[in-house]
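Trainee: I am new to this structure. Please show me how to read its features, one at a time.

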Amino acid sequence: NDTDYPFRAHSAFSHLTGWASDSVPDSVLVFEPTGESGHDVTLHLRERADRTTAEFYGDATIGEFWIGPRPALRGVASDLALTTAHIDAFEARDGDLVLDEDDELTRFVSELRLVKDAYEIAQLRLAVEVTARGFDDIIADLPRIIATPRGERAVEGIFHHRARIEGNGEGYDTIAASGPHACYLHWTRNDGAVVPGDLILIDAGVEVDSLYTADITRTLPVSGTFSDVQRKVYETVREAADAAFAVARPGVKFRAVHEAAMAVIAQRTAEWGLLPVTAQEALDADAGGQHRRYMVHGTSHHLGIDVHDCAQARREMYYDGVLEPGMVFTIEPGLYFQIDDLTVPEEYRGIGVRIEDDILVTADGVENLAAGIPRTADEVEAWIARLRA
């Protein structure tokens, strides 16, 4: 209805071509087997159309009078060091060929990204750096956010500004969840007030022009200081994150990261009297899981050109896979006590906390790419005091 939505190339297409935020719709990357182990590779795209063509003036979707200059075949070939050809040549050769998803190919191109190279790691570092500045922007503007009736939306807008001026945009819809909204894992309506005394959970990541994205969560006390109960919950989540980080290293099963975090969640919720069983019983693979009421999601996912990168990889390569240098993944435990959950004391209800960092596996350990963004309760309070001074 005369409305265009942002175009984003398929992640495997961008990964294999290097053509990211400036790629154009309807392009096709073709691998032709050479008969040996290699391929001839051609990138088909629509050539520019000058003012002598009807397309220039008359096509509101791709006409350059409407959308601005498009990339030229020769320019793209030079930039990407790829052979290029007009999309019409592909369509003429293949006629009515229908391009369907192929499960085996989808898995293959997903698994190609499990281990990142130096360029990809540098792009992820950049994405985290810009994201950190976005969080700083939010904290510095807390007084205006609090004064705005839909303060969550103000948070979203402030972060969007940073994401657009220094990147391509957000890697996913920003979660700005204040008060009891923080207990909804994917709260993206962002239409609530930000009230002093509450916590606000902000899950946001900048996607840079290469399409690589950060994925960071911080939970902030709106008034600048945690209450005793808020601090207890927050520091437990941080303890779970630290436990997960401590076990992560090359050669360790990916799922061990989640198991380490959940052991802390089970232990603490049992100590607080929230479970009908012991922590050990809750962690039993067959009869346990009672602690999962308060943290239903996984602790980690791979990160890269997609926020949930490599998601089509086989289970034995992903959840049951082994950590290798160059892998990048999140650590993001949480505790969520719904406002109407009568299984917890009233003082806990409406508190939601998540801490999320982006982790790089190195040759001899792991590195927290987001270590420069305050994490402990004391650090968070000092962060807010410094930026609001």
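Trainee: Is R51 buried or exposed?

Mentor: Start with the cut-offs: buried means under 20% relative accessible area, exposed over 50%, and partly exposed in between (1.4 Å probe, protein chains only). R51 has a relative accessible area of 60%, so R51 is exposed. One caution: this is a predicted model, where local features need pLDDT of at least 70 and side-chain atom pairs count only at pLDDT 80 or more, while totals for chains, interfaces and linings use all residues. Residues are numbered from 1 along each chain as its sequence is written, and side-chain values use heavy atoms, with hydrogens and water left out.

Trainee: Where is the place of R51?

Mentor: Elements come from DSSP runs, numbered from the N terminus: helices are H or I with at least four residues, strands are E with at least two. R51 sits in the loop between β2 (39-45) and α2.

Trainee: Which residues is R51 in contact with, leaving aside its neighbours within four places in sequence?

Mentor: Contact means heavy atoms within 4.5 Å. With those neighbours left aside, R51 is in contact with F56 and Y57. A C-alpha distance is another kind of reading. R51 and F65 are 14 residues apart in sequence, and their C-alpha atoms are 8.5 Å apart in space.

Trainee: What does E101 touch, not counting residues up to four places away in sequence?

Mentor: E101 touches H10 and T106, by that count. E101 is in the loop between α5 (87-94) and α6. Its relative accessible area is 60%, so E101 is exposed.

Trainee: How many salt bridges does the count come to?

Mentor: A salt bridge is a side-chain nitrogen of Lys or Arg within 4 Å of a carboxyl oxygen of Asp or Glu. By this rule the count is 30 salt bridges. In one of them, the side chains of R70 and E55 meet at 3.0 Å, N to O. R70 lies in the loop between α3 (64-67) and α4 (73-80) and E55 in helix α2 (residues 54-58), so the pair ties together parts that are 15 residues apart in sequence. R70 counts as buried at 8% relative accessibility. E55 is partly exposed, with a relative accessible area of 23%.

Trainee: Which parts of the chain does the pair of R314 and E111 link?

Mentor: First the bridge itself: R314 and E111 meet through their side chains at 2.8 Å, N to O. R314 lies in the loop between α12 (279-282) and β9 (328-331), and E111 in helix α6, 203 residues apart. R314 counts as partly exposed at 36% relative accessibility. E111 counts as buried at 14%.

Trainee: What about the strands?

Mentor: The side chains of D357 and R218 form a salt bridge too (2.7 Å, N to O). D357 is in strand β12 (residues 357-361) and R218 in strand β8 (residues 216-221), 139 residues apart. Both D357 and R218 are buried. Salt bridges can also link up: R8, R113, K116, E207, D306 and D309 form a network of them.

Trainee: At what angle do helix α10 and helix α13 pack?

Mentor: Axes are lines fitted to C-alpha atoms, for helices over the stretch in contact, and angles run from 0 to 180 degrees between N-to-C directions. Helix α10 (residues 228-247) and helix α13 (residues 377-388) pack at about 115°, with their axes 10 Å apart. R231, Y234 and E235 of α10 make the contact with A377, D378, V380 and E381 of α13.
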